[in-house]
Each structure stands twice: as C-alpha cells, then as structure tokens.
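Subject: Structure for you to look at

Hello,

Here is the structure I said I would pass on. Please open it first, then read the notes below it.

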Amino acid sequence: MTFSLFFQSIVNGLNLGATYALIALGYTMVYGIIRMINFAHGDFIMIGAYTLFYTVPLMVNNGMPAWLAVFAAIVVCAIVGVLVEIFAYRPVRKAGPMSALITALAMSIFLQNLAMVLFGARPHNVAAIFSLPSVTVAGVTISLNVVLTIAIGLAIMLGLQLFVKKTKLGKAMRAVPQDRDASTLMGINVNKIITVTFAIGSALAAVAALMYCTTYPRVTNNMGTTMGMKAFIAAVLGGIGVIPGAMLGGVLIGLIEVFVRLFAPGWYEAVTYGTLIVILLVKPSGILGRNTGEKV
Amino acid sequence: MLEVKDLKVNYGAVQALDGISLTVNDGEIVSLIGANGAGKTTTLRTITGLEKAASGSIVFDGHDLRKTEPSKIINLKLAHVPEGRHIFPEMTVEENLEMGAYADPVGMSETMQDVYTRFPRLKERRRQLAGTLSGGEQQMLAVGRALMAKPKMILMDEPSMGLSPLLVQEIFDIIQEVNKQGITILLVEQNAQMALSISDRAYVLETGHITIQGKASDLLNDERVKKAYLGQ
C-alpha cells in the first residue's frame, strides 16, 4: 500500500468513525441513564437527514450558508427524541427491560414507516452542505469537506466530555445512572435529567446526519437501520454506558470498515458484525467498560 | 420540627408501616430502634419521598412532605443519609460533596472546607473515586455530603452498619458534634445501646407499629427494651 492510499484511508476512516461515534454517544448516554438500548436511535439520523433535505434549499434560497440547516435538524431531532421518551418509553419504564426493548424496536418500525408515508419510499438527494475544495498535500488528495466534518465531530465530542465533567447539569447526568435514589435526595429531578439526556443524544444524531450527508448525500426512510446497528456495535465495543468508550468504539469501527474495504471489499460488513460477536465473547463490558455482570 | 402522624405504607399486599406517629423537636437527637424488617428504613424513605405513603401525614417545618416533589425536599433543608451510604461510586470524593450542594450551591467552597476540617481523611482522598474508599470512609463521605446541603435536620439510616467498633465510636461522636451545631437528627440504628446513649428520646418499632416510646435514658432501663434490644 502506498503512503498516499494509507493516509487517505486514515482520513476516510476517521470521517466514518466520527459519524459512528456521534451516533454511538446517543445509544450510550441513554443506556447509561435508563439501562435501555434505544433501537429507534438510528432512525433519528433519518429524521435529521430529512430535515436537512428540506431546510438546506431553504437556507440557500434565503442567502444563508447551507450548514445553518443543521440547527433546524438539531431542534427537530431533539424534539422527536423527547417526545419518543415521554410518550413511548416513560410509560413502560417500570415494566422491565424486555418491554422497553420491544417498545424501542416498535418505535423504530413506526418512525421508518411514518417517514415513508410522509416523504415517499424513493431516495432523496440532499443538496451540498459544504462546498470546500480538495487539497493535495505531498501527493495525497484530501477533501476539505471531510476534514471539516471530522473537526466538527471531534469538537462536539470534546464539548460533550467537558459538559458532563464540568457543568452542574452534566454532573447530574452522571449521578443519576450511578444512584437514582441518592440523586433524588441531592435534589436532582430524575425525570428531567432523563429527558435532557434524550434531547442531547438525539441532537447528536442530527449532527451525525450532517456528517453522513456531507459524504453520502442520500436520504431514505430506512437509512438509520444500518447506521444505527453499526453505531450500536461501536458503543458496545467501547463499553456501553461509557461516554469516551462510544467515541473510541466509533472511531475504531470506522477505521476497521475503511481498511477492510481496502483489502477485501466484500467483507467489510461481515467484519464489523463479527467484531460484535468477538467483543461479546472476549470482553462483554467493552474496551473501557467495567465488568458489572449485567449485560445487554 | 418533624411530625409524622398515622403513617401507613404498603409494599404491594404487604403492610410495611401500620399507622406510626412520631415527633422530632428542634435540636433533638431522636432514635428509632427495632429489629430487621420492623420498618425503620421504610419510615425514613417515606419521609423523604423515596417511598409512597398510603395514608397519614408528614409535616416538616410547616411543609406537607407528602405533597412535596421528592427532589424538592432537600430545598427545605432536610437531608437523608441513606442505608448503605449510596455515595456516587464513579465520582471523586470532591464531586460527591459537590453533589451534596446541588440544590443550594451558594457558599459551597466554605461548606466544603468545614467538611474537610471535620473529615481530614476525605480531604486526603478528594481526587479518589468514591467507590474505592473503605466502608468507614464512605460513611464519612455520606455524612459529609449531607452536611454540604446545610441542613436543619438529617435523617441517618444505620450509620454504624459494617463498621469496626472504633469507627462506630467515631461516627457516633460525629453525630453528637453535628447535633451540637444545631442540626436536628433522626437516627435509625440496630446498635440500640449506642443510639440510646446519645439520644434525647427514642421510639421502638416492631413490625410496622411503634410499641414503646420515651426518653432515651428511660428506655435504656426499660426491661422490655433491655431484653429485646440491649441483650441484657
């Protein structure tokens, strides 16, 4: 492999990985706080992508930069996430993990079919969001669009890490999963924190939609299924419930996919899903996860 | 300061508390003693809203606690050191203390200095994850965290559980010191001897009923209490 191909693959892997990482964060934050895998989370990317599809032309026609559409997507995704939590998940929260899981799967099917009714089954093409040139450095051609999306992804992850470490709300978000009773005694409204967690996790899916659409500008009603599944694997790989774990897992899965595709193009998804099986066999708590005996 | 009247609590079909009444006056140490499963922990958990009461009233400082959102109870300056400590294991000692001041962060650093003066061990270990502390240190942290809320009253549930005799003495000394600073205490204990020796008054709880109540010094000499709880 030449150096330029290697370097380009690193960049591509980071790009894909940062997207997975942002989605994985949504899974991991929600799991961390209510011990539930929100299988509808992947579909929030689809919702974000459709919002971009409709709002990017709106921005451009009004003479505003296309990327401002991401704020519309963030708001729409956060609202959908909060509504899903309040109306679908909260009523079954005390009914046990199996009910929650089935509700999440049903919500995923519901959102995909609702999108098909509203937007049709044909794929839509999202207009270009960033239109930066490509640059060639030492024989390696890199799209600055990709560099920008990696930077956005990393900045958001860094910001999130600072938020949960330093702010009062972030500390409450860490306290609730550790001990719900003690959190209540400290004055934390647990339901409010769960709602905020859903809002943030879903908003991250909107940013992931932006990153995804920059590279693959196609929206379909079921685009969330594969993306969501791979990000879920990333979250488990890094250690579900652990925020830095989601970031690490996402970047690793992105790099693995890009490099496997380089050598064995037909195998990359098999390897991704195989990674999940290997992780569950070897270290079910994930790379950064602590062994608690409780498993997904 | 705290007035509980005819409180009933059910766990499904099981009646955990069958109409208990108790009063704690400003500045007192009152203890609630009794065997395992008598309902001591349930009483404290119902006062701070962690369990729902079926009937009865709980009034703290003029506020009806049954009508108060559980997460707002700390705003009334009523703190609760729960059974089993319930510290945040994945947070540092200092972050745990910060969480104690979550509802009222004004003047947090001074309060934290006071807590560190009282518990020098916590200061030494302030950057350490709370889950890695010894049982005694975790208990100190749980008490320190409650003090961070600048409470008027603290409910303490089994503070001596699982501690060595030396630490038991230390924790009871601390409870007395805290009380001397004007904080009212409702203490739940299995160690009836120790609890009665530092309390003003006490209640004996048996399977959901209060069976004996009175001055702690009288209870120490009560034949029934001696036989059942003091091993004499």
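Predicted model: local features only at pLDDT ≥ 70, side-chain atom pairs only at ≥ 80, totals over all residues.

Chain A against chain B

Chain B puts 23 residues into the contact and chain A puts in 18 residues. Together the chains bury about 1900 Å², and 60% of that area comes from carbon and sulfur atoms.

Three salt bridges cross the interface of chain B and chain A. One pair to look at is E95(B) with R174(A), whose side chains form a salt bridge at 2.8 Å, N to O. On the chain B side, helix α2 (residues 93-100) gives the largest share of the residues that touch chain A, namely four residues. Sorted by class, the side of chain B that touches chain A has twelve nonpolar, five polar and six charged residues. The interface of chain B and chain A also has six residue pairs in polar contact, counting pairs with both residues at pLDDT 80 or more.

The two domains of chain B

Chain B splits into domain 1, made of 1-77 + 151-159 + 168-232, and domain 2, which is 83-150. Taken over C-alpha atoms, the centres of domain 1 and domain 2 of chain B are 23 Å apart. Domain 1 of chain B brings 18 residues to the contact, and domain 2 of chain B brings twelve residues.

How much area do domain 1 and domain 2 of chain B bury between them? The value is about 1300 Å², with 63% of it on carbon and sulfur atoms. On the domain 1 side, K77(B), P151(B) and I174(B) account for 31% of the area buried against domain 2, more than any other three residues.

There are two salt bridges between domain 1 and domain 2 of chain B. In chain B, the side chains of E177(B) and R118(B) meet in a salt bridge at 3.3 Å, N to O. Five residue pairs are in polar contact across the interface of domain 1 and domain 2 of chain B, again with both residues at pLDDT 80 or more.

Two elements of chain B, β7 (153-157) and α6 (165-180), each give two or more residues to the side of domain 1 that touches domain 2. The largest share is from α6(B), with five residues. That side of domain 1 of chain B holds nine nonpolar, three polar and six charged residues.

Pairs within single chains

Over all chains the count is ten aromatic pairs. In chain A, F6(A) and F259(A) make a tilted pair, 5.8 Å centre to centre with 55° between the planes. These two residues are 253 residues apart and link distant parts of the chain: F6(A) lies in helix α1 (residues 3-34) and F259(A) in helix α10 (residues 243-263), both of chain A.

In chain B, E28(B) forms a salt bridge with R201(B), and their closest N and O atoms are 2.7 Å apart. This pair also links distant parts of its chain, 173 residues apart: E28(B) sits in the loop between β2 (14-24) and β3 (29-33), while R201(B) is in strand β9 (residues 201-206) of chain B.

Regards

Definitions and conventions. Residues numbered from 1 in each chain as written. Chains lettered and ligands numbered in written order. Heavy atoms only, no water. Contact = heavy atoms within 4.5 Å. Buried area = accessible area lost by both parts, 1.4 Å probe. Salt bridge = Lys/Arg side-chain N within 4 Å of Asp/Glu carboxyl O. Polar contact = N/O pair within 3.5 Å; in protein donor to acceptor, adjacent residues only side chain to side chain. Nonpolar A, V, L, I, M, F, W, Y, C, P; charged D, E, K, R; others polar. Domains from an automatic or database assignment. Phe/Tyr/Trp six-rings, centres within 6.5 Å; stacked < 30°, edge-to-face > 60°.
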